[in-house]
Amino acid sequence: MFFSKKKQEKNMPLLSVVIPSYNHELYIEKAIKSVLNQTYDNIELIIIDDGSKDKSVDIIKSVKDERIKLVCQQNSGAHNAINKGLEMAKGEYLAILNSDDIYDKKRFQIMINELENNEKAEFACSYIQVIDSNDKKLGIKEGWRNMEPWSVPDYDKSFNATDDFKYNLMSANFTATTSNFLFKRSLYKKIGGMRNLRFAHDWDFALRAAEVTDCLMIEKPLIKYRIHNSNTISSDRKWMLFEIAWMWATNLKRFNKALLFNGDDKRSVEMLGASLNLQGNDKVLWMILMYIEAKRNEGINNPEEILLEDKELRDKFIEFIVE
């Protein structure tokens with residue numbers, strides 16, 4: 001018996017894909033088509049153009065498909081563009097694609113099937129095919145198992161040696177990009193969207209997700225992650241190093257009792273000491289921790305977010321960053 005495409009879609013949960021678009025006229029069409037050409041059919045595509053000054057909007061409008069919703073706004077940052085799209089999304093499943101990355105056409109057929117078969121998991125990511133500005137393949141990032149962003153002092157004693165998703169996520173952002181996220185609406189309702197981080201909103205979101213749900217790593221390269229000169233991560237190293245210190249100061253406590261200091265305290269101390277590489281910025285980590293504790297004692301909720309919103313205060317911390 002044959003079924004129509006519309007009948008098939010009734011049995012497939014709606015997937016909402018959000019593309020935050022900003023000045024990627026060279027890549028945006030490929031990104032859009034990689035969503036529309038998925039073997040998983042029941043998709044809505046929400047594109048939030050964050051004040052592009054190139055031809056991105058014209059290119060987006062040239063792609064005709066009833067599944068596309070385009071919103072143009074003044075530039076307000078990637079995290080705001082993503083959050084706007086997530087607020088608009090209607091899907092049971094949510095995904096984000098940066099406007100210079102590309103999905104494998106079977107990505108969501110494979111990943112949604114895995115999540116449907118794992119009731120305890122609300123978050124998934126995959127291996128990554130790294131490419132350059134000309135689509136040349138540069139290698140495959142296999143989660144936490146290769147292409148580490150920095151070295152750890154003693155690998156065999158570190159989180160990395162566990163081969164565990166959550167332990168390794170505490171060590172570094174092996175998910176690499178929000179483009180690598182697929183998560184259920186139920187998770188979004190629990191933890192909310194992206195926070196105001198320029199370089200690490202993806203890592204922060206993944207850590208908040210890992211605190212409350214099981215997470216899956218699909219061991220296939222189901223996304224192409226593009227490296228080029230205008231990647232955000234290359235623009236301000238001191239700010240990036242501040243955000244790394246902020247990440248650990250803010251998020252490691254989420255895993256106390258569940259993964260850390262849950263019986264074998266000596267092992268937890270050893271793992272922390274072997275895993276955290278602050279690249280000379282241990283002092284800034286402690287300054288952030290002291291600030292957070294002081295503000296909590298004043299009754300302020302989530303005081304770490306003040307450091308993301310108050311530029312003058314954040315810049316004072318960044319003055320002490322060692323490059």
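How much space lies in the second largest pocket? About 270 Å³. The model is predicted, so local features need pLDDT of at least 70, side-chain atom pairs count only at pLDDT 80 or more, and totals for chains, interfaces and linings use all residues. Residues are numbered from 1 along each chain as its sequence is written, and side-chain values use heavy atoms, with hydrogens and water left out.

**Stop one: the pocket**

Select Trp 248, Ala 249, Leu 252, Lys 253, Leu 276, Leu 278, Asp 282, Leu 285, Trp 286 and Leu 289. These residues line the second largest pocket. Now colour helices α9 (237-251) and α11 (282-297). Each supplies at least two lining residues. The largest share, 4 residues, comes from α11. Colour the lining by class next: 8 residues are nonpolar, none is polar and 2 are charged.

**Stop two: Ser 56**

Go to helix α3 (residues 56-62) and select Ser 56. Is Ser 56 buried or exposed? Ser 56 counts as buried because its relative accessibility is 0%; buried means under 20% relative accessible area with a 1.4 Å probe, protein chains only.

Zoom in on the side chain of Ser 56. One of its polar atoms lies 3.2 Å from the backbone nitrogen of His 24. For the backbone nitrogen of Glu 25, the distance to a polar atom of this side chain is 3.4 Å.

Last, show the contacts of Ser 56 (heavy atoms within 4.5 Å). Leaving aside neighbours within four places in sequence, select Ser 21, Asn 23, His 24, Glu 25, Ile 28 and Asp 49.

Terms used. Buried means under 20% relative accessible area, exposed over 50%, partly exposed in between (1.4 Å probe, protein chains only). A polar contact is a pair of N or O atoms within 3.5 Å; within protein, one must be able to donate a hydrogen and the other to accept it, and residues adjacent in sequence count only if both atoms are side-chain atoms. On a 1 Å grid over the protein atoms alone, a cavity is a set of points where a 1.4 Å probe fits but cannot get out, and a pocket is an open set with protein on both sides within 12 Å along at least five of seven lines; lining residues have an atom within 4 Å of a point. Grid points are joined across faces, edges and corners, and a volume is the space filled by probe spheres set on the points. Ala, Val, Leu, Ile, Met, Phe, Trp, Tyr, Cys and Pro count as nonpolar, Asp, Glu, Lys and Arg as charged, and the others, Gly among them, as polar.
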